[in-house]
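Colleague: I would like a close look at a single part of this model, please. Take your time, and spell out the cut-offs as you go.

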Amino acid sequence: MIYPAKGIIIVNHAGEDVIEMIKNKEVVAVITIGDDTTTICGDILARFGIRAIGITDGDRDEILKNPVILKGSVIFLIKNMRDDDAGKILEDSLDLNKKYSYEELLNEIKRIFDNNNICYEEFIY
């Protein structure tokens, strides 16, 4: 899903499409859902200077051996449900008509997770 007017792109298990999604757009962040999606997108986005916010559950297939993740990116490791389910809650709950700064977006994601009893560990790059 692309919300270019608001600078947010959500990539749900389709990492190979991220270059087309970011092309010619001002992007605050790309939210990636899925371990391998986060790895692939994070590596691609780092080359464009775009931070990723990854929603993962730890079932990575090691598609990339040494991915690069841009400094300032944040990965949420979901502890009590699948990343697909947490991602769906996030997509349904985010106000995508609002323009967020990167920090505001991170805080909103944490608020949504906390309000929905989604347990996570946060990794800041």
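Modeller: Happy to! I call a residue buried when its relative accessible area is under 20%, exposed when over 50%, and partly exposed in between (1.4 Å probe, protein chains only). Please keep in mind that this is a predicted model: local features need pLDDT of at least 70, side-chain atom pairs count only at pLDDT 80 or more, and totals for chains, interfaces and linings use all residues. Residues are numbered from 1 along each chain as its sequence is written, and side-chain values use heavy atoms, with hydrogens and water left out.

Let's look at helix H3, residues 83-93. Helices (H or I, at least four residues) and strands (E, at least two) are DSSP runs, numbered from the N terminus. In H3, the buried residues are Asp-83, Ala-86, Gly-87, Leu-90 and Glu-91. Looking down the axis of H3, you find these buried residues within an arc of 135°, so they line one face of the helix; the arc is that of the directions from the helix axis to the C-beta atoms. An α-helix has 3.6 residues a turn, so residues three or four places apart point the same way.

What do the buried residues of H3 pack against? Their partners are the strands S2 (8-12), S3 (29-33), S4 (52-56) and S5 (74-78), together with the helices H2 (35-48) and H4 (102-115). Contact here means heavy atoms within 4.5 Å.

By salt bridge I mean a side-chain nitrogen of Lys or Arg within 4 Å of a carboxyl oxygen of Asp or Glu. Lys-88 and Asp-92 sit four residues apart in H3, about one turn of the helix. Lys-88 is partly exposed at 47%, and Asp-92 is exposed at 55%.

The structure holds seven salt bridges, and helix H4, one of the packing partners of H3, has a pair of its own. There, Glu-108 and Arg-111 lie three residues apart, about one turn of the helix, and their closest N and O atoms are 2.6 Å apart. Glu-108 is buried, with a relative accessible area of 16%, while Arg-111 is partly exposed at 40%.

Another salt bridge joins Lys-110 to Glu-122, with the closest N and O atoms 3.2 Å apart. This pair links distant parts of the chain, 12 residues apart: Lys-110 in H4 and Glu-122 in strand S6 (residues 120-124). Lys-110 is partly exposed at 22%, and Glu-122 is partly exposed at 28%.
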